[in-house]
Amino acid sequence: MDVHLSWNLVNDLRQLLEFHFMVNALRAGTIVAIVAGAIGYVMVIRRQSFAGHTLALVGFPGAAGAVWLGLDASIGFFGFCIAAAVLLGLAPAGGSGQQSAAIGIVQSFGLACGLLFVSLYHGFLSGLNNLLFGTIVGVTDRQVLVLLIAGVVALVALAALGRPLLFTSIDEAAARSRGVPTRLVGIAFLVLLGVAAAGASQVTGSLLVFSLLVAPAATAVRLTARPVVGLVLSVAIALVVTWLGESAAYFSSYPIGFWVTTFAFGLFLLANGYRAVVK
Amino acid sequence: MTTPAVHLDHATVTRGGRTIWSDVSVQIPRGEFVAVLGPNGVGKSTLLQVVLGLLPVTSGRVEVLGQPVGRANKRIGYLPQRRAFDPATPVRGVDVVRLGLDGDRWGIPVPFAGRFTESGRARNARVREVIELVGASGYAERPIGQCSGGEQQRLLIAQALVREPELLLLDEPLDSLDVTNQASVSGLIQQVCRSLDVAVMLVAHDVNPILPYLDQVLYLAHGGALMGPPIEVITADTLSMLYGTAIDVLQDRTGRLVVVGQPDATAAHGHH
């Protein structure tokens, strides 16, 4: 493959879209960025970043196990992330330190299981890197279709939860007194978070999901206090860092996870700087 | 004759096998400002939960706004006990008030409804009106986490008021405020109570800052309840009996009462 950055936008774009695998990577990245940007924004408002992190990590043993059994990795990602979200939602609430300790233990056990599945499936060493840190090669047409369907369903569900979800997120007791089924809303949102984490994992890898799920949202939160504007901004930032990251990975020899995370972190720092100057 | 805003008839509540209070019979009249007082853990917040129908009574009867408990919740404004909003909470005061109006409706609002539809304009106008009523127009566009404690309480009171309730339940709204703000927020609640004819049940820790504004006090203690105008209920003998410890009630030159020695009151209100 002979590609190099010419700094001629038209020429570079033509190079970028020359190979089918890259078109698929851009399609998948676009879908995943929109979903993760939107759901990640609500996650940041709800302070559920720890739950999001857990769900992302749980996807890794799911995907590794699926590959070992000869199934699509995306089945493992979605299956494990959604199942873990339901379990997390049904766990007794309270947010005590004990609970987060228990979640931490489950996280590391999940990573260990993933490692086991990878070694059971011989000859999968590059696969380990791809599952943990992402790759732009090997996104299949079917995977794009699955991501698209999951993404559309998740966004429609997010819109349907809408106001009660925002109400529950910032003022749970008041929402409950107004008849909002806050527990149900919480569980439903965790499932959406599971879908977003599973989707993002397939682009950035399990360990770097936060570059799409948290960083754009955290950046947006620092720039605006309007919920709708914030959500749109979060999606826009996720899209920009994904497109830039995938292009950079294409024209360089470094993996996509590194680039997406670096761009996301850079924007986050800029937003913090902006706030420090303005305030 | 109008029915009382809240009517508890020989009501008993148990929680986790423990009787919180029993055989409580009180009536909160419409349009009156009533403080719910008593020692810690006596079930003051529980009383509000019962009035909202979130916690069933084990015996007795509860009627709210002339209907069986739980039926009239749309006509109740409730301000739960809470700490302050986190400084980083990325929503504005106006968004918080708005959620009181339509936060229980599924879906997202139609974009630009406030500009193009009649009902959208009406809702925007109602939010503005109630923010003005509580005197929060100056800071309603700021992120709520960056408002002061008193400003946040005013916005939350606006949230509770936005659907024009007939009964307002406020759970320790003054707790995190300094003395000046306690007085001004109490004054605002009294003004709301008078001008909109809303009955108010306000759970408080310390009676002194709200005393000048109250119509009645409701003391919960030792499993039972005692209610009446402050001048009748707030006496040294009654309070000492309720709290099971020596409490004095002083009267200043203007006839204002000051409770001294109440175990839960803050030190700022004096010792002797």
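Two residues are taken to be in contact if their C-beta atoms, placed from the backbone, lie within 7 Å. The model shown in these views is predicted.

**Figure 1. Helix α5 of chain B and its surroundings.** Helix α5(B) has 13 residues and reaches 18 Å from its first C-alpha to its last, close to the 18 Å expected at 1.5 Å a residue. Of these 13 residues, 11 are buried, so the helix is largely enclosed by the rest of the structure. Among the buried residues are B:Glu151, B:Arg154, B:Leu155, B:Leu156 and B:Ile157. The buried residues of α5(B) pack against α8 (172-177) of chain A, and also against β6, α2, α4 (118-133), β7 and α6 (179-195) of chain B.

Figure 2. Strands of a sheet pair through backbone hydrogen bonds, either parallel or antiparallel. Strands β3 (residues 33-37) and β9 (residues 216-221) of chain B run parallel and are joined by four bridges. Within this pair, B:Val36 has B:Leu218 of β9(B) as its bridge partner.

Figure 3. Four bridges connect β6(B) with β7(B), and the two strands run parallel. B:Gly77 stands opposite B:Leu168 in β7(B). B:Ile76 and B:Tyr78 point one way from β6(B), whereas B:Gly77 and B:Leu79 point the other way; all are buried.

**Figure 4. The four-stranded sheet of chain B.** A further open sheet has the strand order β2-β1-β4-β5 (chain B), with antiparallel pairing. Strands β2 (18-28) and β5 (67-68) of chain B stand at the edges with a single partner strand each, so one side of each is left without a neighbour in the sheet. Two bridges join β4 (residues 59-64) of chain B to β5(B), and these strands run antiparallel. Here B:Glu63 stands opposite B:Pro68 in β5(B).

**Figure 5. The contact between chains A and B.** In this region, 22 residues of chain B are in contact with 22 residues of chain A. Helix α2 (residues 93-102) of chain B gives the most to the side of chain B that touches chain A, with four residues. By class, that side of chain B has 11 nonpolar, five polar and six charged residues.

**Figure 6. The largest nonpolar core.** This core has 180 residues, and those with the most contacts inside it are A:Ile39, A:Cys81, A:Leu193, A:Ala196, B:Ala35, B:Leu169 and B:Val200. Helix α2 (residues 20-45) of chain A gives the most to the core, with 17 residues. Leaving aside neighbours within four places in sequence, A:Cys81 is in contact with residues including A:Leu55, A:Val58, A:Gly194 and A:Val195.

**Figure 7. Helix α4 of chain A.** At 1.5 Å a residue, the 18 residues of helix α4 (residues 73-90) of chain A should span 26 Å, and the end C-alpha atoms are 26 Å apart, which agrees. Its buried residues include A:Phe77, A:Phe78, A:Phe80, A:Cys81 and A:Leu88. Among the elements that cover the buried residues of α4(A) are α3 (49-68), α7 (141-170) and α9 (182-204) of chain A.

**Figure 8. Two loop residues.** A:Arg226 lies in the loop between α11 (215-223) and α12 (227-251) of chain A. A:Arg226 is partly exposed, because 17 other C-beta atoms lie within 10 Å, a count between the limits of 12 or fewer for exposed and 20 or more for buried. B:Pro111 lies in the loop between α2 and α3 (113-116) of chain B. With 10 C-beta neighbours inside 10 Å, B:Pro111 counts as exposed. B:Pro111 and B:Ala140 are 29 residues apart in sequence and 21 Å apart in space, C-alpha to C-alpha.

Methods:
Residues are numbered from 1 along each chain as its sequence is written. Chains are lettered from A and ligands numbered from 1 in the order in which they are written. This is a predicted model: local features need pLDDT of at least 70, side-chain atom pairs count only at pLDDT 80 or more; totals for chains, interfaces and linings use all residues. Two strands pair if DSSP finds at least two bridges between them. Ala, Val, Leu, Ile, Met, Phe, Trp, Tyr, Cys and Pro count as nonpolar, Asp, Glu, Lys and Arg as charged, and the others, Gly among them, as polar. A nonpolar core is a set of buried Ala, Val, Leu, Ile, Met, Phe, Trp, Tyr and Cys residues joined through C-beta atoms within 7 Å. The expected span of a helix is 1.5 Å times one less than its number of residues.
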